[in-house]
Amino acid sequence: MSYASDRKMENLIMLRILAGLEKKPPRRVQEMRDVKAKQDRAVHQLMVRAYDIPFYRARFERSGTTPADYHTAEDLYKFPVLTKEELRDWMDEELAGNAEKYKDWHVNPTSGSTGIPLRTLFSPRENAAVHANWMRVLMMGGFVPMVHKNLHRPNSLHTETGGKKSLMQKLIDTRWKEMSDAIKQRVPSEQLLREINEYKPYFLYCHKNILVRVAKYAKEHQIPLWQPKLYAPISEMLDHQSEQLLLEMFGPGLLNAYGLSEVGSCATRLPGEQEFVVNNDTHVINLYADDGTPSDSGMAVVTPLFKTDLPIINYETRDRMDSYRREGLRFITRILGRMNDVIRHRDGSVTEWGNIEVVVNYSTHLDIVQSRFIQESYDLIRIQLVKDPASALSNEEIERRYTELFAPVLNNEFHFVYEWMDEIPADPNGKLRMIVCNVK
């Protein structure tokens with residue numbers, strides 16, 4: 001295997017992989033059975049490959065299993081869960097000890113929700129599969145490559161923009177245009193709105209918080225906003241408040257794609273749909289109850305089936321989901337958010353985002369389009385709020401109702417301080433966390 005050759009041919013490899021992916025959610029029984037069979041074959045092939053990798057051989061031995069024990073997605077419950085810390089340490093060791101081997105690989109960094117960066121290694125073929133999978137997600141929503149226009153955020157967290165492109169990249173990206181980089185530098189909402197209105201993309205994707213502030217700016221200043229046929233707020237959990245504002249201003253074409261940079265996009269909620277379809281031909285999503293047993297509701301553990309050079313098996317996302325299964329395939333009915341986004345209580349207990357979310361959803365009736373909760377101590381929570389520009393309610397009325405709603409959810413233990421903002425600034429990584437806990 002020549003990684004250097006694969007790197008040069010990466011876009012052709014991507015197109016070949018894309019041709020073999022499912023382009024429509026399976027609706028009929030036989031379609032679901034066919035996808036399930038494809039997923040199960042890929043599980044066994046992945047585990048055969050992983051058995052030859054020392055890091056995973058040790059995990060096989062720990063579980064008392066061999067590749068012969070893995071023939072279905074459900075069999076992965078037998079295998080140890082992989083934490084972010086374990087993945088970080090393994091990837092760092094691989095990079096430190098095999099620099100020459102990985103010179104033609106991609107290093108995909110995340111900012112790390114705990115403040116400690118995680119670097120994930122992708123071979124050229126694995127990276128091609130990530131991009132093919134994302135293209136497939138767009139095509140499920142009706143996007144046609146090289147026909148429809150795409151306006152998207154630059155990938156400045158990973159690579160510098162404006163680099164030289166190959167002939168194949170130029171061909172593929174003919175109708176793709178980058179927005180101004182609102183992550184590395186402050187770009188006014190007015191400028192971003194103008195770029196959207198001038199380019200008039202069929203498909204638009206950017207960080208959720210950036211799309212929210214553009215939508216709010218357009219509403220506040222009564223400026224017409226181009227409504228793409230398809231748009232995706234990415235990189236952050238889509239809360240109910242933000243979703244309602246985006247639907248109002250950008251229109252009904254909202255595509256909600258769930259994924260992580262470590263594993264790619266793995267579940268998709270198409271416009272107008274109520275549930276997420278797992279990309280079952282490229283991923284497995286298994287859910288675990290709090291006691292670690294298999295469940296249809298609980299923490300999501302993801303395995304990207306295309307990542308066979310350095311596999312990521314049973315990766316602990318720390319996100320909670322509700323789901324059901326049909327013909328063996330998992331369908332996600334609700335994504336509840338990160339388990340480590342919590343409010344901490346003095347007695348050691350925590351209140352998770354899922355408990356607060358119900359109240360936040362109701363608060364859209366209070367004309368709030370964006371909010372964030374910052375726990376400063378065991379007694380004080382600072383609530384940042386952005387009001388709907390069309391609201392007739394006073395700040396004092398909203399604060400009173402917020403306190404009435406949230407105090408019981410948090411056991412009446414906290415004093416609330418309100419901070420009114422034109423927009424809530426993103427974190428340094430370009431994302432916007434809903435809960436920030438400053439209590440260790």
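User: What volume does the second largest cavity have, and why is it called a cavity?

Analyst: In this predicted model, the second largest cavity has a volume of about 70 Å³, a volume being the space filled by probe spheres set on grid points that are joined across faces, edges and corners. It is called a cavity because, on a 1 Å grid over the protein atoms alone, a 1.4 Å probe fits at its points but cannot get out. The search of the whole structure finds 3 cavities of 30 Å³ or more.

User: Which residues line the second largest cavity?

Analyst: Gln39, Ala73, Glu74, Val278, Asn280, Val284, Ile285, Asn286, Arg325, Gly328, Leu329 and Arg330 do, since lining residues have an atom within 4 Å of a point. Strand S10 (283–288) and strand S14 (329–338) each give two or more residues to that lining, with S10 supplying the largest share, 3 residues; strands are DSSP runs of E with at least two residues, helices runs of H or I with at least four, numbered from the N terminus.

User: What makes 5 residues of that lining nonpolar?

Analyst: Ala, Val, Leu, Ile, Met, Phe, Trp, Tyr, Cys and Pro count as nonpolar, Asp, Glu, Lys and Arg as charged, and the others, Gly among them, as polar, so this lining divides into 5 nonpolar, 4 polar and 3 charged residues.

User: How is the largest cavity lined?

Analyst: The largest cavity, with about 80 Å³ of space, is lined by residues including Glu22, Lys24, Arg136, Met140, Val277, Val278 and Asp281. Helix H6 (124–140) and strand S9 (276–278) are the elements that give two or more residues to it, and by class its lining holds 6 nonpolar, 2 polar and 4 charged residues.

User: Why is serine 235 called partly exposed?

Analyst: Buried means under 20% relative accessible area and exposed over 50%, with partly exposed in between (1.4 Å probe, protein chains only), so serine 235, at 34%, is partly exposed. Serine 235 lies in the loop between strand S6 (230–234) and helix H10 (240–250), and its C-alpha atom is separated by 8.4 Å from that of tyrosine 258, 23 residues apart along the chain.

User: What makes leucine 12 partly exposed?

Analyst: Leucine 12, which lies in helix H2 (residues 10–19), has a relative accessible area of 41%, and is therefore partly exposed.

User: How do you know which residues and atoms count?

Analyst: Residues are numbered from 1 along each chain as its sequence is written, and side-chain values use heavy atoms, leaving out hydrogens and water. Because the model is predicted, local features need pLDDT of at least 70 and side-chain atom pairs count only at pLDDT 80 or more, whereas totals for chains, interfaces and linings use all residues.

Note on methods:
1 Å grid on protein atoms, 1.4 Å probe; cavity = no way out; pocket = protein on both sides within 12 Å on 5 of 7 lines; lining within 4 Å.
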